[in-house]
Amino acid sequence: MALARRSGASEDTVGAALSFESTLDETSFVLGPALVGVAAVLAHPAYALAGASLLVAVCGSAFALHPTARVTAPAVGDAPARTRPDRARTAAAAPMPRSVHALRAALALQGAMFGACQAGITALTARLGQEDQAGLVYAAMGVMSAVAGLAMAAVPARVGLRTRWRKATGAAFVLSLPLPATDGMAGLYAVVTVLGLAYAPHLVTVFGLTERAVPPSRLSEAMAFATSSLVGGQALAIALTRRLADSYGPSAAFATASTAAALACALALTSRPQPHRRLDQAPPPDTIGPAGRKPEAGRRGAGG
């Protein structure tokens, strides 16, 4: 996003790049447990842990040392030397908008949907005596989600981000309703695969809203919180719904997923995150009215 913004890329280009990046992120979330399951069945769970450690060591180090870190230095570096400290202090003091908390909560609820679905899938496949199918069911949802995420780049710009957010959460809620009644492998594959259509679009949209809602100087912080919210929601949901599934059956875990989807939908319908005007950019000429007066704030942006 920083590379695109600095090069003056259009909103369509930024949206396409964000869709691709978020889809890869979400796909790794979904396919990771599937690969762990395959490793556990074919060899031993330790192989999965060793593979994860290797990925972090190699890919994490390569990312940390990549030259784009220098290319995406703050835009204030382009200013004359005498103005840099003042602009840097202004950027650092930029307040985080309250609306970002709703976006973090939305990602935590999506993580809870992930975790509850994972617990329910594991419990149901175990009840049916087909534990080795759990990873494949989860992978089927991931593949469908990845396809939907990549397709988000084709959504016309006139469909605002808030509209996309509401539609994605509404779809997730409706598509999750059959989950608690699912009791066979064929039905599980069908319901979970179709449910995957809503996951990546929601993730892509909320990350896009976050990128537009926060000051540029706090974007890294906001994205770190957003990702951690997703991970935290998933971890907490797995811990809780595994016990629910053990005590009350897979339907209890699936009902939790539907509840999380309903809460996410309610949050999307009631929240109105506004785009933040970048501190290092002057208002475009068309936002200045007669006699140099600016129109009311909040009229521009990818809100919907």
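Me: How much of the 304-residue chain counts as buried?
Reply: Happy to start there, with the reminder that this is a predicted model. A residue is called buried when its relative accessible area is under 20%. Of the 304 residues of the chain, the share that counts as buried is 39%.

Me: What share of the contacts with a separation of 6 or more comes from residues 24 or more positions apart?
Reply: Here a contact means heavy atoms within 4.5 Å. Among contacts in the chain with a separation of 6 or more, residues 24 or more positions apart account for 83%.

Me: Which residues form an aromatic pair, and is the pair stacked or edge-to-face?
Reply: The count comes to 1 aromatic pair. Its members are Phe-114 and Tyr-199, with 4.8 Å centre to centre and 65° between the planes. Planes over 60 degrees apart count as edge-to-face, so the pair of Phe-114 and Tyr-199 is edge-to-face.

Me: Which helices does that pair link, and how many residues apart are its members?
Reply: Phe-114 belongs to helix α6 (residues 99-127), and Tyr-199 to helix α9 (residues 185-213). Both Phe-114 and Tyr-199 are buried. The pair links distant parts of the chain, α6 and α9, with its members 85 residues apart.

Me: Over which ring does the charged end of Arg-104 sit?
Reply: For an Arg, the test asks that CZ be within 6 Å of the ring centre and within 35 degrees of the ring normal. The charged end of Arg-104 is 4.2 Å from the centre of the ring it sits over, and that ring belongs to Phe-225.

Me: How are α6 and α11 oriented to each other?
Reply: Their axes are 8 Å apart, and the two helices pack at an angle of about 160°. The crossing of α6 and α11 is left-handed. Angles over 145 degrees count as roughly antiparallel, so α6 and α11 are roughly antiparallel.

Me: Which residues of α7 does α6 meet?
Reply: Helix α7 (residues 134-151) packs with α6 at an angle of about 145°, with axes 9 Å apart. The crossing of α6 past α7 is right-handed. From α6 come Phe-114, Gln-118, Ile-121, Thr-122 and Thr-125, and in α7 they meet Ala-134, Val-137 and Tyr-138.

Me: How far apart are the axes of α7 and α9?
Reply: α7 passes α9 in a right-handed crossing. Residues making the contact include Val-137, Ala-140 and Met-144 of α7, along with Leu-188, Val-192 and Tyr-199 of α9. These helices pack at an angle of about 35°, and their axes are separated by 7 Å.

Me: Is Ser-258 buried or exposed?
Reply: Ser-258 has its place in helix α11 (residues 250-270). Leaving out residues up to four places away in sequence, it touches Phe-173, Ser-176, Leu-177 and Pro-180. Its relative accessible area is 8%, so Ser-258 is buried.

Me: Which residues does Cys-265 touch, not counting residues up to four places away in sequence?
Reply: Cys-265 is in helix α11 and, with a relative accessible area of 14%, is buried. Its C-alpha atom is separated by 9.9 Å from that of Val-174, 91 residues apart along the chain. Not counting residues up to four places away in sequence, Cys-265 touches Thr-169 and Gly-170.

Me: Is Ala-171 buried, partly exposed or exposed?
Reply: Ala-171 lies in helix α8 (residues 161-176). Its C-alpha atom and that of Ala-261, 90 residues apart along the chain, are separated by 9.0 Å. With a relative accessibility of 29%, Ala-171 counts as partly exposed.

Me: What is the C-alpha to C-alpha distance between Thr-241 and Thr-256?
Reply: Thr-241 is found in helix α10 (residues 219-248) and counts as buried at 1% relative accessibility. Not counting residues up to four places away in sequence, Thr-241 touches Gly-115, Ala-116, Ala-119, Ala-253 and Thr-256. Thr-241 and Thr-256 are 15 residues apart in sequence, and their C-alpha to C-alpha distance is 7.4 Å.

How values were computed
Residues numbered from 1 in each chain as written. Predicted model: local features only at pLDDT ≥ 70, side-chain atom pairs only at ≥ 80, totals over all residues. Heavy atoms only, no water. Phe/Tyr/Trp six-rings, centres within 6.5 Å; stacked < 30°, edge-to-face > 60°. Helix = DSSP H or I, 4+ residues; strand = E, 2+ residues; numbered from the N terminus. Buried < 20%, exposed > 50% of the residue type's maximum accessible area, 1.4 Å probe, protein only. Axes fitted to C-alpha atoms, helices over the stretch in contact; angles between N-to-C directions. Parallel < 35°, antiparallel > 145°, perpendicular 65-115°, else oblique. Left-handed = near helix turned anticlockwise from the far one by under 90°.
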